[in-house]
Each structure stands twice: as structure tokens, then as C-alpha cells.
Amino acid sequence: MEIINYNLLNVGVGGQGVIRAIQILSWAALREGYKVRTAETHGMAQRGGSVASYLRFGTLIEGPLIPRGKADVILAFEASEAVRNFNYAGPQTNFIVNDKLIIPPMIHQQGLEYPTISQIHEFLANVSENVYLIPADDLALKAGNQRTMNVVMLGVLVGINQIPIKKDTIFDSIMKFIPKKTMDINKTAFELGIEKGKTIRGKENE
Amino acid sequence: MSNPKFVDDSPGERIILMGNEALARGILEAGVIIAAGYPGTPSSEIMATLAEMANFHPHLKLEWSINEKVGFEVAYGGSMSNVRSVACMKHVGVNVASDAFMTACYAGARGGMVLISADDPNCFSSQNEQDNRYFGLHALVPVFEPSTPQEAKDMIKYAFEFSEQFQTLVLFRTTTRLNHGRGDVVLGEITKINREYSFDWDRSRWVCLPSHSRVLRVRLLERLEDITEFADQFPFNKLTISKERIKGVRYGFVAAGVPHAHLIDTLNYFNLIDKVSILKLGLVYPPPKKLIKEFFKNVDEILVLEELEPFLENILKQIAYEEGLSKEVVIHGKDYFPQNGEFPAELYLDILARFIDLDFEKQTVPEDMIIIPPRLPILCPGCSHRATFYALKKVEKKMKTKFVNSSDIGCYTLAVYKPLEGLDTEICMGGSIGLANGISKVQPKENPVLAILGDSTFFHSGIPGLINAVYNQNDMLVIILDNRSTSMTGFQDNPGTGIKITKEPGTRVILEDLVKGCGVKSENIWVEDSNDIPLMIKKLEEAVNAKGVRVFISRHICSLLEVNELRKRQITPPIVKVDPEECIGCLICVNQFGCPAIMFDDKNKKAFIDQSTCRGCETCIEVCPSSAIYKESE
């Protein structure tokens, strides 16, 4: 099938590996012959602030930004960031969400309230039918390092079958961009993610 | 972990490049020898990528210059010596370089000379969103603007050839989404240039004194005329005419840069790409007059898509007036599009639908919207700036006064937010000291005037302000936050580290010697470790109370670099914990110090340290009034 365009929004908190994840996917998309565009958050916005990276690929794309309401997938490395960017989603959009909350220090300093995971889940479920909460930090720890959370999430994306790129192409691309010493851990992280994604897809089909 | 292929001479290969990497690749392909600049988001990765390339292409002569003006001059010196040269900076950096730029444009280029200005609509990481296309208009210099990473590479390669052909400087304008967006790029050949590189002793050209400049100005105007004539053949300008009408109207669109890419997406979305005429400009100044006249003849209603100022819109309106066509064609732009911020992709959908009167439903927000408080960027865990600002707050409190904290551009600007709220001004690089010179002239003695800036910012443009303070006896305390890095833009080295852009050793400039050389008396100079809070409080109080121009160097390496260094030396940082028995839940560590590694358990009313975030700097131990924070013994 010819993909005219595919839009993925990857959101999270500065330092969680959003830029690396987008770099991995953009190379994989190139390898499968697509035209590719991304837009990323660098500089001041990275200092623990919210980050959002756009990935678009297909046969008919020019610009780097995704119109609101048109994301195919919102891949959220932190749960509340999925809500912050919910308006990129339409009713069919797949929300693949790390079930971790990172509460900014200023919440305490200013006496503000922060939503809970269940509130977030409930809200997202009103936006889209396809919301998947993933214990990605736990899986990354299981793989051997919390910092492989981004690779776990890429595995889920593949396992759940929501990206038109072959598993092996993404795997090769991961190996290209991670430090050599961490190859085994990242391989495990990717596989754990795929497994998790497959069980979700299995439930969908029941 | 970047892709090493971008250094290979492998024309035809298709790889993924970030816009800034694509620019670096184009610079390499053009046979450039000298590249200089000062770090600044969104431009920094151009020089960083060239530095990686220099490992494989040793002919590249690169430097991080002390500021953008010097960076421009370094490159221009190269051009004078018949070498292809480039200066890279962010938009506000061009303000600093403009003193040189506005006269260099008179003498023009010998070796191809390009100034890259990375503009930042939306102020993602900037103090303003100025539109630097006007610098081209101001200096009578052509302005190039690419739409995609591929075009960025191809266009900058061409810019050096163009510069030599017309002996003109080229202003190469990009915006954040081009610089920090990736795309597929087909590589070109790396040009080898065989020519003699040497200075040319043509004083009538390079010595811009009045008698020469009057002549040079005439040549500048002639050059611009030649370029205007050529603009119709400029290879990155493209006019696409459609003979179709939509509801009887012939529509035309004009765009350059990133908005052009989104225009194409939007027209594809509505299936209108073949039904409208499009003028795509790669040369945004001077305008291609014949193309524009041809465009005017074929359209009735025109929409100009450009972020920030109505630059192209005004040019088009002027040409329509000159051609007597101001009644025949209607030119729209800022009556549809905002003059601030970046255009999100859905804005194009919405505005084009309105412009052509199409059916398009705007998205509605669900009613049960939950509010997520903003997640602003903050000082990192273990950041030494936090310790300095915390200590300053303590001194201020002790002295029962309010300081005027004139501050500057860098990571430490983030201390403006709660809980530190440690700075009162930020305008431009080095502005802290300049402003303090003025503020101190009228400020009552009860409110000491402080100028607070980073090491790199001090080198960049703080030095003249300090000498000014000494000379004019404008009393102030200058605090230099010396974290041995230009951190915000990606940890670039600076004269204080003495390491060059290629990581080769240079000559280190000793900050305290420099300050002394500026005329600050030895007894008015302090150098302390930022993270030693009790000592910092004592010494800062001393410095605040001393007379004359004082300089306090608060020194501690950037915590991110410190962690890397420890990791390299395989040293495990200490584990710092909160003893729940001792913690009284006073929240001082959370609400006054505010290191993101310190969390608070609302159930037990106790602070605790998130070990995955903590860097083990131990600074917070001194912050706790009940000594509940401790270093775990091995």
C-alpha cells in the first residue's frame, strides 16, 4: 500500500530521548524509500521543559509540522504531555502513552494541582478510541536501564502495528544511533516493547 | 551518534540530515575554507557539524569567535583573501555583527562570503523574533531563504558561487523549523577549489574612508541593479502558472522558506495544487520583477504567506503600484495571517479555506478539558547557578534590602522563575553590565546594583561595560557565573576553557586576570566555589558591601559537564538522601532552593531525593535547616 503521508507526534520532557527516537524513525523511514520531514525542540526548551517533535513521512509531504487533529500517532514519553498536545489528535489517533508522570517542581512551589494518571486516561479516552497506557519505564528497567524507555516505546509502536515501517528496519536504525556498549540492553528493550504492543493488539482483535 | 556519511564525497547518496547539518554539508560541498561564528539557537549545530567534518577534511579552518561581530570579521578577512568563507549566527547575533556587515557590503566579496542568519519566529529560544530579511534591504545585500533541508544544502552551495559572480555578500536567512528539522537530502559533490589564497592590497576597496566609500556605494547600487536583473533567472525562484479558476477567480500564492513547504501541503490537502498559480521565492530580496509581472498578469487575488513582517507583501504591493496594476490585482497577507509567532500547520488549512471559501471544519476542544500547568524549562539538577542565586537571596534577606539584579542571556536567565526569582532585567548579550552602569547612577544606596552574567556572555560583550564602569566610576557588583561552558547552546568551549572548536588546545584566558586588566582593583575581586553556600553567603555579603566596581567570580563547572567528566573517570558521585526522622517538612529545599531532584511526599509531609535525577553535588545539604539531608557514607 502506498502511504501518502504518516504523521507522528512524539512528546515528552527534555532529556527523555525524544530527539533520538525521532532520529531513529526518520532514518528507518528513509530506508523504506519515503520522503521524510521532522521538526524538533532544541535549546532552551530542552532544560526539563516540554518537548514535542514532529515526524512526517510518505510520498506527498513538504512541511515539517503536523496540523492539529491530523496526527496518526501520539507517542507520549510522559503521560501529561499527551494531554498538553491532545489537540493534534482526531477520533482515530492512536495514543501510545508511557504511564509515568513527571510532576514539575514548580507545582509544589506554587501550590498547584497536577492531574493523576487516571484523570489523564479518562480525558484521552474522550478524545480517541485508541488510548494505550504502557508501563514503559518499568519495561526499560527490566531491560537493564531506565534510559532505554524511548526504545521500549518504539517497540510498542511496532508491536501494536501502528507504523508502516518494517520491524527490522527500525531495529537496524536503533542499532545505528545508540552507543555500542548498550546494544544488548536496547535490543531487549525493543523486544519487550514489541511483546507489550502485540498483547495490546491481541486484545483489540478479540 | 550523528551520521558519519555526511562527510563522505559520495554524490547521489540520499541520507537524513538536520537543516543545520544540511547547511554544513552545503558549505563543505562549496569548497569553503573559513567558517566562524558564535553559538546561538537555532544556528549552533552548523558550526558543530563543520567541526565534526574537519576531522575528515582538514582544509576547513574553523573557530568559535568571541562574538558575532568578530566571527563575521574573521570570515570577511577570509573573503578578502580570496577564500570562500561563512559566518554563522542566530538572528540577534546579526545585530552584533551589523557594524561590520553594513560597511563590508560596500566593499563586497572577493572569495564567496555568506552570512547565515538563523531567525527564530515564536522565540523558541530567543529574546525577540526580529525578521532579518530587513538586514538585506538595509545593507542592499541579496537575501536567500530555503524551504527544505535539501534546498538548504543546494542553495548555500550555490550562494558562494553567486557571491563571487556578483562580488556581493549574501545574507542567508533560515528559521528554526528549517534549522532544527530533518529531511531526506541527496548529497552533491565536494568541490575542490584551486586558486591562490592571498590578501589583495587594493586599498581603494578595503579602506572604507569617506573618499572611498562614496565610490563604493555607487558600485554597491550597481551590483544590486545587476542582481535584480538576474533575479528572474535565479535557480531557486519558481513561477507556476495555472490557467484554472476557482468559482471564477484566478488565485495566486507567494511564499518562501518553511511557509512555502506548508503552502504545498495545504494545497495538496485541498486538491488545489493544479488550480492555482504559485510564486516560490528562494531569493527573497531583491525581487524578480519580470516573474512578478508575469504572475500579476495571470491572477486576480493574491495571498502572501510569510511569518513575521509583511516583507514580501510590501515589495509586491510596491511593484503592483509601479506597474499600474494596483487595481487589477488584490494583494493579501497580514490581513489574513498574524504578524507574530510561527504559523502552525492547521493555520494554513484554516486561512486558505477562508481565503478561497472552502468547507473546512475547525477542530473543537472537548468540554471536559483538564488543565495541565505549564512545564517551563528550569535550571538542571545540581546547577551551580541555582546555588549562586540562592546565596544571593539569603544575603538580600539578611541585609533587609532589595537588590537590582541586572542580568543577561544564558541558562541562568531561567532563574527568573520561581522559586529563585533572581533577576530583574535581560535585554541582550552583555547588557547586564551596560544597564547597571545607568541604573547605578540614580539608584538609592539602600538598593545595591548588581550585574549578573555568565562567563561566555562576559567574554562576548560584557568587557566594554565593565571598563566603562571602572572609567566612569559607576559603582556596581558584577557577578560572573563561571561554569566553564556556553551551556544553553550546547556546551561550547570559550576563551575561559581555552579549548578550540575542534577540541584542540588553544590559549586559555584567565578571567580574574582579564578583570584586573579592565581596571578592577585586586581587593575588589572575589573568586569562590558557587556550590559552597555558607562561604558564598559570607563572601557575597562582603562584596555587596564593598565600594567601587567589584567583580565576584562564582565558579563551578556546569553540572551536566561535571557528570560526564565523573562518568569518564569512572567515579560514582555520592548518594545524597533525606532522613525522614529529621525532616520537619518545612519545604525550604523545595520552595526556596528548588532543585528538581528534591521531591515532596504529600502523604508523609517529608522531602525525599529522586535518585534518578540527583547528581550528587551535595549543595542542598547546607540548605536544610534541620540537617536532614545527608551524604550516604560508603
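Predicted model: local features only at pLDDT ≥ 70, side-chain atom pairs only at ≥ 80, totals over all residues.

Entry 1: I started with helix α3 (residues 68-80) of chain B and helix α4 (residues 91-107) of chain B, which pack with their axes 7 Å apart at an angle of about 30°. That angle makes α3(B) roughly parallel to α4(B), since anything under 35 degrees counts as such. I then listed who touches whom. On the α3(B) side I have Glu68(B), Lys69(B), Phe72(B), Glu73(B) and Tyr76(B). Their counterparts in α4(B) include Val96(B), Ala100(B), Phe101(B) and Ala104(B). Sorted by class, the contact has eight nonpolar, four charged and one polar residue.

**Entry 2: a covered helix.** How many of the 11 residues of helix α2 (residues 44-54) of chain B are buried? I get nine, so I'm calling this helix mostly covered, with under 20% relative accessible area as the cut-off for buried. Among the buried ones are Ile46(B), Met47(B), Leu50(B) and Met53(B), but Ser44(B), Glu45(B) and Thr49(B) are on the list too.

**Entry 3: the five-stranded sheet.** Next I traced an open sheet in chain B with the order β9-β11-β10-β13-β14 and mixed pairing. Its edge strands are β9 (238-240) and β14 (330-332) of chain B, each pairing on one side only. From one strand to the next the twist averages 15°. Leu303(B) has His332(B) as its bridge partner in β14(B). Helix α12 (residues 311-322) of chain B packs on this sheet and touches β10 (251-255), β13 and β14 of chain B. The direction of α12 makes about 170° with that of β14(B).

Entry 4: I went looking for cis peptides. One runs from Tyr285(B) to Pro286(B), with omega near -5°; Pro286(B) sits in the loop between β12 (283-285) and α11 (289-298) of chain B. Another joins Lys418(B) and Pro419(B), with omega about 5°, and Pro419(B) is in the loop between β15 (404-406) and α15 (431-442) of chain B.

Cys123(B) has phi near 50° and lies in the loop between β5 (113-119) and α5 (133-139) of chain B. Lys605(B) has phi of about 60°, in the loop between β21 (598-601) and β22 (606-609) of chain B.

**Entry 5: salt bridges.** My search over all chains turned up 44 salt bridges. I wrote up a few. Arg14(B) and Asp184(B) meet at 3.4 Å, N to O. Arg14(B) is in strand β1 (residues 14-18) of chain B and Asp184(B) in strand β8 (residues 182-186) of chain B, so this pair ties together parts 170 residues apart in sequence. Is each partner buried or exposed? Asp184(B) counts as buried at 12% relative accessibility, while Arg14(B) is partly exposed at 31%.

Lys418(B), already noted for its cis bond, forms a salt bridge with Glu421(B), again with 3.4 Å between the closest N and O atoms. Arg555(B) pairs with Glu512(B) at 2.9 Å. Last one for today: Asp119(B), Asp131(B), Arg133(B), Glu145(B), Arg173(B) and Glu306(B) form one network through salt bridges that share partners.

Note on methods:
Residues numbered from 1 in each chain as written. Chains lettered and ligands numbered in written order. Heavy atoms only, no water. Axes fitted to C-alpha atoms, helices over the stretch in contact; angles between N-to-C directions. Helix = DSSP H or I, 4+ residues; strand = E, 2+ residues; numbered from the N terminus. Parallel < 35°, antiparallel > 145°, perpendicular 65-115°, else oblique. Contact = heavy atoms within 4.5 Å. Nonpolar A, V, L, I, M, F, W, Y, C, P; charged D, E, K, R; others polar. Buried < 20%, exposed > 50% of the residue type's maximum accessible area, 1.4 Å probe, protein only. Pairing = 2+ DSSP bridges. Salt bridge = Lys/Arg side-chain N within 4 Å of Asp/Glu carboxyl O.
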